[in-house]
Amino acid sequence: MNALSSLIVVFILAAVAWVGGEVVSLHPAFGIVVPALAGVVFVVGFAVRVVGWARVPVPFRIPTTCGQQRSLSWIKSGWLESPWTRTGVVARMALEVLLFRSLFRGTVAAITTEPVSDGHGSQDPAPGPARLVFGEQKWLWLAALAFHWSFLFVVLRHLRFFVEPTPGWVGVLGAIDGFFQVGAPAVYLTDVVLLAALAYLLIRRLTDAQVRFISLFQDYFALYLLVGLVTTGVLMRYFVRPDIIAIKQLTLGLVTLAPAVPTGVSPLFFVHLFLLSVLVAYFPFSKLVHMAGVFLSPTRNLANTNRMRRHVNPWNYPVKVHTYEEWEDEFRDKMKAAGLPVEKV
Amino acid sequence: MADQTPGPDALAKVDFRPKGKTWLEPHPEFRKGTYCYSAAPKNLTYLGLPNPREWQPFNDDWKLPPDWKTIILDGMRERLDRYRSFRLFMDICVRCGACADKCHFYLGSGDPKNMPVLRAELIRSVYRRYFTPAGRIFGAVVGARDLTEDVLKEWFYYFYQCTECRRCSVFCPYGIDTAEITMIGRELLTLVGCNINWVIEPVANCFRTGNHLGIQPHGFKDSIDFAVDELEEITGIRVEAPINRKGADVLFVMPSADYFGTPHYYTLLGYLMLFHEIGLDYTLSAYASEGGNFGLFTSHEMIKRLNAKVYAEARRLGVKWIIGGECGHMWRVLHQYMDTMNGPADFLQVPVSPITGTRFEHAASTRMVHICEFTADLIRHGRLNLDPSRNDHWNVTFHDSCNPSRAMGLLEEPRYIIRNVCKAFHEMPEDTIREKTFCCGSGSGLGTDENLEMRLRGGFPRANAVRHVRDKHGVNLLACICAIDKATLPPLLEYWAPGVDVAGVHELLGNALVMRGERERTTDLRGEPLTAREEASAHA
């Protein structure tokens, strides 16, 4: 249901944009107003979100330690997995953000009654007791990593539409990306990887019973939006070449705040631009803000210096405790009888 | 109770296919054996907690206060402004499902709402509905739910079906920690008087007498005296175990189970022998006679209220620093909360071992050292005379208790001790130890008998790994450093992996410790003849 309704919504969005691209009088709205608004919503929304989190205190040190603490000098401590220095924390976060370290840890657990091996090659044919077995599970990690990195590459490659003259390194990126040249124009590796990774993530969400059960409308929506965005981009690059000069005029106009709507921009481009605008505007209000949130996660970005240094809770307040005096008052006679020392005789 | 519990083969048949189309519709169903009874009114009243009344989770009417919804939503708002963890974890989950099969309750029950992601969604859906624009406008379409009584009941069911073990947070790409969410969820439930007795009664006892079991000072002394007598029988040595003695160097705080339950009790014997042997100038306290802190399972405020007595007593007795015994949640509190809540401990000194001169720099601020850190240092410096052969009847594996491993990073110290006090040690499989350790299934106050089926289900992954080393290496003892483990793992293993006993690390140390002037030991600390056990294991 969620999978279908979100798909329909994305199709409607694409159709709206197509119409906007077909009807010339709507070009200023779809070429300038919508992208500009989306940009503003993104910047403001993103800032509000991050500032909103950052203003909430982290009252307690709660790092999840995934390695040996720093304690006795002769015990090798896990500077990366249980960091106690800033360098350690930065390295831990870098691994988290750049390589998805925690996701990499992932295993898959299953219950089996397979016969237990006797360790000599031959097997007892009788089923064993029900037991848990663990297997490697790297596909999710691989697909997530492939998706994020190739998406970053694609975004950077698009700089050539937003900067004039195109910086040299953007060209180099494109050259590397197009290294495996197949015909002309060069097929970008990242385009292929991006589509494959998205396909994996989508198929996993649709076919894995547990993941489908936890998936909400917005989980599919983000994926379909991205698939639509990438598909229209790929179509324009390899199959229905649009007027690049006109597009660059439009995009440059947007970023230099000198809006211009050139003629000859195809409706397909308007679909691409509109889906991007929706994604960008949707970003701050959705789970996609994990991009910023990951940096603020207190279980990952704090050093395990809990007992080494004092950490202050800004809203710490006094609480009702049972003082020693009250306690002794209640038990004094029994304590005296038992020969325990008391404060008041 | 036990009679109604299905056998291991039946219980292990878990169906992981989610039933129904959506989780949004709350279906709270309190099936016997899978939930804990409500907190008795007298305990709530004693602590000054809201809405004390007679009720049970299986009742239709929970007798909530008339403005319960406002109380919960106001409580949520307050906590969203106080805990970045809570606010952030409400916002950034992408529902990738990496956490799903990391939870022992999910693995043991197959209930989809035990997937950490869905457990969090139970509260996230309400957050969306009342605190986000999308949820306000689109409602159920974007996974937002009205806060209804059924939703609240579902919170109760599943937040008391989470042991706050943090295993899922190890695997989450954003470090989302379900323990944080569960803790806040339980705080909110506490605001309207929906708690479980197995948590609130220990809290009330601890507040009043100083310990969970409600043992009064003279009873505490009796217990310790009994241990001293028993030690004399075993070793021929009469140790000192001073209580409330002013001017000692060190205050020793342990979980109360250590002086009242088995097999914890043998660990206490180990501590007492160790302190005597090295001549430590220490004292116990009847006021701070509990290190464990069931406040952690109630609210942050309650953690602070119970924990306060440790520093207060250290100050009153004028000790220099503190050692803490083998206890899981106790150490989560001592390591992550104590200094912030009840510090600064500037009236204490940075801990220095009087025996080895080691300065415990990593405890420079809290001034409290874990007994395993202290003992490992002694062994490293060759200050203990150890005879590991006295543990020859044990073939040992080690269970990393969730909190010392995932909240402290205390992994090597207990292993170092074990390797020095016994000869046969085998690790459980890689995916089930250290930071990936599996919970006993009964932590965070769920270790009560009415909850037995859920405990057995939740403990299955742990027990399964124990069974593996039992079958492969002949392991017959699971060592651990947590009082809840010691209480709840024996019945768990009896059910899933019979033939494996449970012990504290300092019990093994006590067995191996050769004390000056001791007579030849004929029994281990459990009073079992050493020779008979050796013969038994030789014949096995």
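This is a predicted model: local features need pLDDT of at least 70, side-chain atom pairs count only at pLDDT 80 or more; totals for chains, interfaces and linings use all residues.
The contact between the two chains draws on 90 residues from chain A and 116 residues from chain B. Together, chain A and chain B bury about 8,800 Å², of which 60% lies on carbon and sulfur atoms. Polar contacts between chain A and chain B amount to 70 residue pairs, counted where both residues have pLDDT 80 or more. In terms of secondary structure, the side of chain A that touches chain B receives its greatest contribution from helix H14 (residues 324-338) of chain A, with seven residues. By residue class, this side of chain A comprises 46 nonpolar, 26 polar and 18 charged residues.

Charged pairs were examined next. Side chains of opposite charge can pair when their charged atoms come close. Over all chains, 58 salt bridges were counted, and eight salt bridges were found across the interface of chain A and chain B. One salt bridge pairs B:Arg95 with A:Asp219, with an N to O distance of 2.7 Å. B:Arg95 is located in the loop between helix H4 (84-91) and helix H5 (104-109) of chain B. B:Arg95 has a relative accessible area of 3% and is therefore classed as buried, the limit being under 20%.

In the pair formed by B:Lys221 and B:Asp225, the closest N and O atoms are 3.0 Å apart. Both B:Lys221 and B:Asp225 belong to helix H12 (residues 217-235) of chain B, where a separation of four residues corresponds to about one turn of the helix. B:Asp225 is partly exposed, its relative accessible area being 29%. A salt bridge also joins the side chains of B:Glu326 and B:Lys486, at 2.7 Å from N to O. This pair links distant parts of the chain, 160 residues apart: B:Glu326 lies in the loop between strand S3 (321-324) and helix H15 (328-336) of chain B, and B:Lys486 lies in helix H22 (residues 483-496) of chain B. B:Glu326 is buried, with a relative accessible area of 0%, and B:Lys486 is likewise buried, with a value of 0%. The side chains of B:Glu427 and B:Arg434 form a salt bridge at 3.8 Å, N to O. B:Glu427 is partly exposed, with a relative accessible area of 23%. Shared partners connect salt bridges into one network that includes A:Arg205, A:Asp219, A:Lys287, B:Arg95, B:Glu121, B:Arg124 and B:Arg128.

The nonpolar residues were considered as cores. The largest nonpolar core has 175 residues, among which B:Met76 and B:Trp155 touch the most other members. Helix H10 (residues 217-239) of chain A provides the largest share of this core, 13 residues. When residues up to four places away in sequence are not counted, B:Met76 touches B:Phe86, B:Ile123, B:Val126, B:Tyr127, B:Phe131, B:Trp155 and B:Leu188. A second, separate core contains 90 residues, including A:Trp327, B:Ala248, B:Leu272 and B:Leu508.

Several backbone features of chain B complete the description. Most residues other than glycine have a negative phi, and most peptide bonds are trans. The peptide bond from B:Thr262 to B:Pro263 is cis, with omega near 5°. B:Pro263 is situated in the loop between strand S1 (250-253) and helix H13 (264-278) of chain B. A cis peptide bond also runs from B:Gly343 to B:Pro344, with omega near 0°. B:Pro344 is placed in the loop between helix H16 (338-342) and strand S4 (368-370) of chain B. B:Arg367 lies in the loop between H16 and S4 of chain B. Although B:Arg367 is not a glycine, it has a positive phi of about 60°. B:Arg367 counts as buried because its relative accessible area of 16% falls under 20%.

Definitions and conventions
Residues are numbered from 1 along each chain as its sequence is written. Chains are lettered from A and ligands numbered from 1 in the order in which they are written. Side-chain values use heavy atoms; hydrogens and water are left out. A salt bridge is a side-chain nitrogen of Lys or Arg within 4 Å of a carboxyl oxygen of Asp or Glu. Helices (H or I, at least four residues) and strands (E, at least two) are DSSP runs, numbered from the N terminus. Buried means under 20% relative accessible area, exposed over 50%, partly exposed in between (1.4 Å probe, protein chains only). Contact means heavy atoms within 4.5 Å. Buried area is the accessible area (1.4 Å probe) that two parts lose on being put together, summed over both. A polar contact is a pair of N or O atoms within 3.5 Å; within protein, one must be able to donate a hydrogen and the other to accept it, and residues adjacent in sequence count only if both atoms are side-chain atoms. Ala, Val, Leu, Ile, Met, Phe, Trp, Tyr, Cys and Pro count as nonpolar, Asp, Glu, Lys and Arg as charged, and the others, Gly among them, as polar. A nonpolar core is a set of buried Ala, Val, Leu, Ile, Met, Phe, Trp, Tyr and Cys residues joined through side-chain atoms within 4.5 Å.
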